[in-house]
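I opened this notebook to keep track of what I looked up in one structure. The entries follow the order in which I checked things.

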Amino acid sequence: MRIRHLAVFAQWVDEAAVDRFLQQDDFGKTLATGWHTRLAYLRQWGAIDGFVVPQHSTEVDEPAAPVVAVTIARMRLLQVPRFIRWGRPVEKLVRDHPGATFAVAAIRLPRTVSTFSVWKSQQEMAAMVHGHSAVPQPKRHAQAMKERERKDFHFQFTTLRFKPLAEYGSWEGRTHLIPGLTQGN
């Protein structure tokens with residue numbers, strides 16, 4: 001946990017609206033000093049209250065293109081210890097995976113957890129999800145999903161996929177976290 005870090009995942013009507021927020025709103029100006037990316041929705045699995053998700057799904061045209069994965073889960077409080085036991089190995093798998101260029105997790109106490117990961121390609125991300133990567137213990141994610149199906153950790157859960165469009169700023173001194181994108185203004 002990093003107490004001095006803040007993760008914000010937000011939807012905007014259009015790019016002009018996010019630009020106005022980052023330039024004119026006091027909180028937006030603070031966020032503008034960090035790193036952010038702009039994304040186009042591709043698809044969703046599961047459901048969660050509080051987000052208006054488009055009704056259509058679009059697959060990545062190029063399986064070799066970068067993709068961003070976001071998960072949002074609202075935990076069953078009594079399942080948190082079990083979730084941690086199954087989730088920690090998956091967190092390490094994603095964090096250390098050669099196909100992931102950036103991966104973070106966030107929590108909104110008491111029960112909302114989220115992950116955000118950038119992948120070199122949809123192919124590499126899918127291989128990780130299904131346990132087909134050439135890494136130690138490649139089936140950690142697949143095994144955790146089976147356990148979740150057996151007895152759910154969450155009362156709401158969704159996984160979202162996005163096509164990265166642009167990135168801005170830096171994260172802890174790092175830029176170009178998304179392969180193939182140039183820095184925005």
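**Entry 1: arginine 38**

I looked up arginine 38 and found a relative accessible area of 10%, so it is buried, as the cut-off is under 20%. The model is a predicted one, and I read its values with that in mind.

Next I checked what arginine 38 pairs with. It forms a salt bridge with glutamate 15, and the closest N and O atoms are 2.7 Å apart. The pair links distant parts of the chain: arginine 38 sits in strand S1 (residues 36–47), glutamate 15 in helix H1 (residues 15–24), and 23 residues separate them. Glutamate 15 is partly exposed, with 44% relative accessibility.

I noted a general point here: side chains of opposite charge can pair when their charged atoms come close.

**Entry 2: other salt bridges**

How many salt bridges does the structure hold? I found 7.

I looked up glutamate 147 and arginine 82, which form one with closest N and O atoms 3.1 Å apart. Glutamate 147 is in helix H5 and arginine 82 is in helix H3, so this pair ties together parts that lie 65 residues apart in sequence. Is glutamate 147 buried or exposed? Its relative accessibility is 10%, so I wrote it down as buried. Arginine 82, at 12%, is buried as well.

I then turned to arginine 88 and glutamate 91, whose side chains meet in a salt bridge of 3.0 Å, N to O. Both residues lie in helix H3, 3 residues apart, which is about one turn of the helix. Arginine 88 is partly exposed at 37%, and glutamate 91 is partly exposed at 37%. I also noted a network: salt bridges that share partners join Glu15, Asp19 and Arg38.

**Entry 3: helix H5**

Which residues of helix H5 (residues 140–150) are buried? I listed Arg140, His141, Ala144 and Glu147. Seen down the axis of H5, these buried residues fall within an arc of 120°, so they line one face of the helix. The face turned away from the buried side carries Lys146, Glu149 and Arg150, which are exposed.

What do the buried residues of H5 pack against? I found helix H3 (80–96) and helix H4 (122–130).

Leaving out residues up to four places away in sequence, histidine 141 touches Val90, Leu93, Met128 and Val129.

**Entry 4: nonpolar cores**

I started from a general remark: in soluble globular proteins, nonpolar side chains tend to be buried together.

I looked up the largest nonpolar core, which has 16 residues. Those that touch the most other members are Trp35, Val70, Phe102, Phe116 and Leu160. At least two residues of this core come from each of strand S2 (67–75), strand S4 (112–119) and strand S5 (154–168). The largest share, 3 residues, is from S2. Apart from this core lies another, of 13 residues, including Leu42, Met125, Met128 and Val135.

Last, I checked the contacts of leucine 160. Not counting residues up to four places away in sequence, leucine 160 touches Phe9, Tyr41, Arg43, Gln44, Val53, Val68, Ala69, Val70 and Ile72.

Technical notes: Residues numbered from 1 in each chain as written. Predicted model: local features only at pLDDT ≥ 70, side-chain atom pairs only at ≥ 80, totals over all residues. Heavy atoms only, no water. Buried < 20%, exposed > 50% of the residue type's maximum accessible area, 1.4 Å probe, protein only. Helix = DSSP H or I, 4+ residues; strand = E, 2+ residues; numbered from the N terminus. Arc of directions from axis to C-beta. Contact = heavy atoms within 4.5 Å. Salt bridge = Lys/Arg side-chain N within 4 Å of Asp/Glu carboxyl O. Core = buried A, V, L, I, M, F, W, Y, C linked by side-chain atoms within 4.5 Å.
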